[in-house]
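Subject: Structure for you to look at

Hello,

Here is the structure I said I would pass on.

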Amino acid sequence: LTFLTGNENEFLRLFNIVKSHFTKEDYYKLANTLHIPHVLITLGARGIMAIHEGKPYFQHSFPISSKKIINTSGAGDTAAGVFISGILENRDIHMVLRETVYYAAQVLKIPGSHLRKGR
């Protein structure tokens, strides 16, 4: 297994952590116990946490007015895609993480997951 991605709630359930959210200590513990080179945890409005080659990284989200958020469907998938492609292209991890939160935020502004009339 090379990549593992998911949202914070999925990781909390996966690792049987009984908390409402991860702490910095939890990130370091995960980084030291997982033997997966690349991990991405989306944290919603707080940003993302990543483990890249055994080291934890955090990237704050881009501020978006709640009035501009139209749809949350696809934001996590977008984050995973940007993160994985950036790693596979051997790009700088800090740039990859900034782009990951940027593009995930852009998806929030786009209507989606609705079929057009007649379909």
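**What was found**

Asn90 is found in the loop between H3 and H4. The model is a predicted one, and in it Asn90 has a positive phi of about 55° although it is not a glycine. With a relative accessibility of 71%, this residue counts as exposed. Glu53 also deserves a look: its phi is positive, about 50°, and it is not a glycine. Glu53 sits in the loop between E3 and E4 and counts as exposed, at 59% relative accessibility.

**Aromatic pairs**

How many aromatic pairs are there? The count comes to four. In one of them, the ring centres of Phe3 and Phe83 are 6.5 Å apart and the planes stand at 85°; because an angle over 60 degrees counts as edge-to-face, that is the class of this pair. Phe3 belongs to strand E1 (residues 3-7) and Phe83 to helix H3 (residues 75-88), so the pair links parts of the chain that are 80 residues apart. Are these two residues buried or exposed? Both Phe3 and Phe83 are buried.

Phe62 and Tyr102 make another edge-to-face pair, with 5.7 Å from centre to centre and 80° between the planes. Phe62 is in the loop between strand E4 (55-59) and H3, while Tyr102 is in helix H4 (residues 93-107), so this pair ties together parts 40 residues apart in sequence. Phe62 is partly exposed, at 37% relative accessible area, and Tyr102 is partly exposed too, at 35%. Ring pairs also bring in Tyr103, which forms a cluster with Phe62 and Tyr102.

In soluble globular proteins, nonpolar side chains tend to be buried together. In this model the largest nonpolar core has 14 residues, and Phe22, Val39, Ile41 and Ile51 have the most contacts inside it. Helix H1 (8-14), helix H2 (24-33), strand E2 (38-42) and strand E3 (48-52) each give two or more residues to this core. Which element gives the most? H2 does, with three residues.

Apart from this core lies another, of 13 residues, including Ala50, Ile87, Val101 and Ala104.

Leaving aside neighbours within four places in sequence, Ile51 is in contact with Tyr27, Leu30, Ala31, Leu34, Pro37, His38, Val39 and Pro56. Two of those names come back with Phe15, which touches Leu30 and Leu34 when residues up to four places away in sequence are not counted. Phe15 lies in the loop between H1 and H2 and is partly exposed, with a relative accessible area of 30%. For a sense of distance, Phe15 and Ile64 are 49 residues apart in sequence and 30 Å apart in space, C-alpha to C-alpha.

**The largest pocket**

The largest pocket holds about 450 Å³ of space. Its lining is made up of 22 residues, and Leu43, Gly44, Ala45, Ala75 and Leu108 lie nearest the centre. Which elements give two or more residues to the lining? They are H1, H3 and H4. By class, the lining has 13 nonpolar, eight polar and one charged residues.

Regards

Key. Residues numbered from 1 in each chain as written. Predicted model: local features only at pLDDT ≥ 70, side-chain atom pairs only at ≥ 80, totals over all residues. Heavy atoms only, no water. Phe/Tyr/Trp six-rings, centres within 6.5 Å; stacked < 30°, edge-to-face > 60°. Helix = DSSP H or I, 4+ residues; strand = E, 2+ residues; numbered from the N terminus. Buried < 20%, exposed > 50% of the residue type's maximum accessible area, 1.4 Å probe, protein only. Core = buried A, V, L, I, M, F, W, Y, C linked by side-chain atoms within 4.5 Å. Contact = heavy atoms within 4.5 Å. 1 Å grid on protein atoms, 1.4 Å probe; cavity = no way out; pocket = protein on both sides within 12 Å on 5 of 7 lines; lining within 4 Å. Points joined across faces, edges and corners; volume = space filled by probe spheres on them. Nonpolar A, V, L, I, M, F, W, Y, C, P; charged D, E, K, R; others polar.
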